[in-house]
Amino acid sequence: FITMNLLNEYETPIISNVENVSVSEDYSVTVSVSGLVDSTKSISFTVQSSDLNILPLESSSLTGTGNQREVLLTPLPDQNGDVVVSLIVQDGDNSVTDVFTLTVEPVNDSPIIQNFVGTTVDEDIYRDSPLSLPFKVIDIDTSYDQVFVTSNSLNHALIGTNSMAIEGTQSDKTLKVMTNPNQFGTVSIVVTVSDGEYTVTD
């Protein structure tokens, strides 16, 4: 007679190959993965990220049961770049890893105007020296020398457009305003900010 040793079909876990994947900034992506182990053993999946500034571990979640799982990857807002994602299957004794690259494509966000508020002044106080109205312009994607800020008066009898100027560099701006003499009432001033793709007003 002869003796044969029949080996378990899966001595170590097996994991499916996940292709590289891309997603636009500020969006999530789901990938499917499957794993095989000895049927007498339980299986577990874990996720690792090479760049926690883009994809922290808490931004990854697993759903599904048994061999078939889905991994939801949610990069942090306004972050982009390449992240190496490792999917690990374990059966309690052995583990196997599949690695793929998640590419988060940059997306241009529109600029933001902050802290631009109205005020009340007496007639003729600012007809010779300007009133200063500070505000902020935030643009996380565009160089500030490519962000254009303009202002417009909707009541030229009180404040002419030529009686206004915007000063400041980077995000800190100041609107300088001079009123026309012997005029009173209410005037709306519109500040416009453009990065070449998006335009916002306040």
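**Strand pairing and salt bridges**

In this predicted model, strand β3 (residues 29-36) and strand β6 (residues 68-73) run antiparallel and are joined by six bridges. Strands here are DSSP runs of E with at least two residues, numbered from the N terminus, and two strands pair if DSSP finds at least two bridges between them. Within this pairing, S34 sits opposite Q68 of β6. Zooming out, β3 and β6 belong to an open sheet of four strands, ordered β1-β3-β6-β5 with antiparallel pairing. At the edges are β1 (14-15) and β5 (60-63), each of which pairs on one side only.

As the model is predicted, local features need pLDDT of at least 70 and side-chain atom pairs count only at pLDDT 80 or more, while totals for chains, interfaces and linings use all residues. Residues are numbered from 1 along each chain as its sequence is written, and side-chain values use heavy atoms, with hydrogens and water left out.

Now for the charged pairs. With a salt bridge taken as a side-chain nitrogen of Lys or Arg within 4 Å of a carboxyl oxygen of Asp or Glu, the count comes to two. One joins D172 to K136, at 2.3 Å from N to O. D172 lies in strand β13 (residues 172-177) and K136 in strand β10 (residues 131-138), so this pair ties together parts that are 36 residues apart in sequence.
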